[in-house]
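Subject: Structure for your review

Dear colleague,

Please find the structure below, together with its sequence. My notes on it follow directly after.

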Amino acid sequence: PWSGGRLHSSLEQQTGEYGPRMFALFGLGQTWQVSKRWSVDASLDRSHTVRDPDAEEFDSDVPPASGENDDFTAVSLGATRKVGEWSWANRLEVRDGDREDKWGVFSALVGTLREGLGMSARAEVFTTRSRAVRETDGEIRLGLAYRPRHSRWLVLDRLDFRFTDSAAGTTETDNWRLINNLNANYRPTDRTQISLQYGLKYVRENIDGASYAGFTDLIGAEGRYDLTPRWDIGLRTALLHSWQGHQLDYSCGASLGYNIMENAWVSLGYNLLGFQDGDFAAAEFTAQGPFVKFRLKFDQQDVGRAIRHLQQI
């Protein structure tokens with residue numbers, strides 16, 4: 001409605017174990033460009049139930065398994081600083097709800113150390129309180145990207161430290177995990193690509209005074225070959241090793257890919273063997289059975305072209 005201002009509203013219906021719930025979301029946001037390097041923003045959001053589910057809740061102190069029935073008012077404040085190829089973003093959020101209250105703080109730094117080498121850092125902490133549950137969880141993330149213009153090698157590495165401290169009734173739990181994912185990509189020829197992955201994680205958990213710990217790592221490799229400028233075929237295998245449990249899990253399969261258009265690729269594959277681990281398999285499908293993958297690549301130049309195209313419509 002004015003420079004830097006944003007108004008939004010929506011009407012949604014959500015179905016949970018107690019039936020359908022209809023609720024409205026509306027909010028107001030404002031961004032101020034304080035200087036060439038600094039910008040600040042604030043927002044106010046409200047969720048309000050229009051129609052409650054027909055069935056009565058069994059216990060109002062127990063959160064529903066799906067579809068949170070919670071009216072809330074949320075306020076957030078943010079500040080961003082940009083200097084050259086570096087950007088530092090910060091945000092504070094507070095939410096006052098009928099069922100639970102939340103607050104969180106977020107800070108992220110992204111930039112280029114030198115040509116071909118970029119880094120990122122992020123830290124966030126969230127606290128949730130209700131009549132039945134108290135929980136604090138957070139994450140610290142560090143990332144490095146090595147991708148020179150004229151190199152056949154591309155390396156991505158991400159280190160995550162996650163922690164959770166919660167209390168529900170008489171049960172208290174706290175756990176933390178350290179996870180590192182290293183991915184390397186090598187192109188020996190213009191038609192051949194080899195990808196290597198190594199992941200490791202150490203998990204420690206305390207449940208009512210009893211402590212548990214474990215170390216797990218993953219080794220994976222994939223090879224892809226361009227049959228034509230649009231079609232390619234790939235083979236992938238991975239090994240998941242749980243050291244404390246002396247357990248080995250395997251994943252292996254093949255896939256056929258097709259380049260739909262520039263920077264857009266889809267593939268259909270099948271894994272003869274498989275396993276599931278959310279800390280390692282965020283970008284790759286390792287479970288047994290069929291799968292479909294769709295990837296889209298874009299950067300600031302692609303976004304700029306899309307904006308100019310929309311302005312001409």
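The notes begin with the conventions, then turn to the chain as a whole and to individual residues.

This is a predicted model, in which local features need pLDDT of at least 70 and side-chain atom pairs count only at pLDDT 80 or more, while totals for chains, interfaces and linings use all residues. Residues are numbered from 1 along each chain as its sequence is written, and side-chain values use heavy atoms, with hydrogens and water left out.

The chain as a whole

Helices (H or I, at least four residues) and strands (E, at least two) are DSSP runs, numbered from the N terminus. Along the principal axes, the C-alpha atoms occupy a box of roughly 60 × 60 × 40 Å.

Of the 313 residues in the protein chain, 30% are buried. Buried means under 20% relative accessible area, exposed means over 50%, and partly exposed lies in between (1.4 Å probe, protein chains only). The accessible surface of the chain is about 20300 Å², and carbon and sulfur atoms contribute 59% of that surface. Such areas come from the Shrake-Rupley method with a 1.4 Å probe; for residues, only the protein chains shown count as cover.

Among contacts with a separation of 6 or more, 45% join residues 24 or more positions apart; a contact means heavy atoms within 4.5 Å.

The chain carries 36 positive and 43 negative charges, whose mean positions are 11 Å apart. Lys and Arg count as positive and Asp and Glu as negative, whereas His and the chain ends are not counted. Each charge is placed at NZ of Lys, CZ of Arg, CG of Asp or CD of Glu.

The negative patch and Asp208

Asp165, Glu172, Asp174, Glu205 and Asp208 form a patch of negative charge on the surface. Patches are made of residues with over 30% relative accessible area and no salt bridge, with like charges joined within 9 Å and nonpolar side chains (Val, Leu, Ile, Met, Phe, Trp, Tyr) within 5 Å. A salt bridge is a side-chain nitrogen of Lys or Arg within 4 Å of a carboxyl oxygen of Asp or Glu.

Within this patch, Asp208 sits in the loop between strand S11 (192-207) and strand S12 (210-226). Asp208 is partly exposed, at a relative accessible area of 49%, and its phi is near 50 degrees, a positive value in a residue other than glycine.

His246 likewise has a positive phi, of about 50 degrees, although it is not a glycine. Most residues other than glycine have a negative phi. His246 lies in the loop between strand S13 (231-242) and strand S14 (247-261) and is exposed, with a relative accessible area of 70%.

Residues within strands

Asn175 belongs to strand S10 (residues 171-189) and is buried, with a relative accessible area of 18%. Leaving out residues up to four places away in sequence, Asn175 touches Arg162, Phe163, Thr164, Arg204 and Glu205; Glu205 is one of the patch residues named above.

Val94 is found in strand S5 (residues 86-97) and is partly exposed, at 44% relative accessible area. Beyond its neighbours within four places in sequence, Val94 is in contact with Thr73, Ala74, Val75, Lys102 and Trp103. The C-alpha atoms of Val94 and Arg177 are separated by 26 Å.

Arg295, in strand S16 (residues 289-296), is partly exposed at 38% relative accessibility.

With kind regards
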